Amino acid sequence: MSTLHLLIVDQHPVVGAGLELLLERHSDIEVSATASDGTTGLQWLRERAIDVVVMDLHLPDMDGVEAIRLYLEERKELPIVIFTEQGEEVAVYRALKAGARGYLLKCAEISELVAAVHEVHGGGYALSAALNPAIVNVYLAHRDEGSDSLGKYQALSTRERQVFRLLAMGRQTMDISEILYISPKTVAKHRAAVKKKLNLANAAQMAQYAIQLGVIRVQ
């Protein structure tokens, strides 16, 4: 059996270290990297051959759903398992809508997480036994609908969508530059293109539009 290389992203280093210890007891799993924020995890994703990401939704530098989108825009078919304390149905739906293939609560047994890692790597979905499985069915029935089909947002390029969402979340030019690995000048170019295509004048209008679309949430 081939080895699965994992990236763990959790804001608490002790959780990441504990997961690494427990997961690597399984001979076919190797934790290639751990990160305590979304940006560092994105850097590891670019530098390492990662098969599956295990990620919390609570991250110190970005919304977990936005992190899912950024990771998938970096690697389209990347299997992501959310491992979190958030059990609300809306949180589960948003994570699946963004592209996560698994959603487990932190009360789960390690064997459940291992099974989820294998399931998503094989192309399936994995949902914590503590959650309502109907959530996945609702998502699968409506995954082609929703926010990305609204308005002029669909006309934005992938990079423009990344910049738009980060601007709408209140990120500054230098932050976006570091997160996306692009120069501040390129960020400014994309910001200008987004404003023109969406007919938005400032970050406040971007935030309002992003909330309307559902691509960011009100904290």
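I82 stands opposite Y103 in β5. That pair belongs to a predicted model. Strand β4 (residues 80–84) runs parallel to strand β5 (residues 102–105), and four bridges link the two.

**The sheet**

β4 and β5 sit within an open sheet of six strands. The order is β2-β1-β3-β4-β5-β6, and the pairing is parallel. The edges are held by β2 (29–35) and β6 (126–127). Each has a single partner strand, so one side of each is left without a neighbour in the sheet.

**Helices on the sheet**

Helix α3 (residues 64–74) packs on the sheet. Helix α5 also lies across strands of the sheet.

| Helix | Strands | Angle to β3 |
|---|---|---|
| α3 | touches β1 (4–9), β3 (52–55) and β4 | about 170 degrees |
| α5 | lies across β1, β2, β3, β4, β5 and β6 | about 135 degrees |

**Helix against helix**

How do the axes of α1 and α5 cross? Helix α1 (residues 13–23) and helix α5 (residues 110–121) have axes that come within 11 Å and cross at roughly 80 degrees. Angles of 65 to 115 degrees count as roughly perpendicular, so α1 is roughly perpendicular to α5. From α1, the contact uses L19, L22 and L23. From α5, it uses I110, L113 and V114. Sorted by class, the contact of α1 with α5 has six nonpolar residues, with no polar and no charged ones.

Notes
Residues are numbered from 1 along each chain as its sequence is written. This is a predicted model: local features need pLDDT of at least 70, side-chain atom pairs count only at pLDDT 80 or more; totals for chains, interfaces and linings use all residues. Side-chain values use heavy atoms; hydrogens and water are left out. Axes are lines fitted to C-alpha atoms, for helices over the stretch in contact, and angles run from 0 to 180 degrees between N-to-C directions. Angles under 35 degrees count as roughly parallel, over 145 as roughly antiparallel, 65 to 115 as roughly perpendicular and the rest as oblique. Contact means heavy atoms within 4.5 Å. Ala, Val, Leu, Ile, Met, Phe, Trp, Tyr, Cys and Pro count as nonpolar, Asp, Glu, Lys and Arg as charged, and the others, Gly among them, as polar. Two strands pair if DSSP finds at least two bridges between them.
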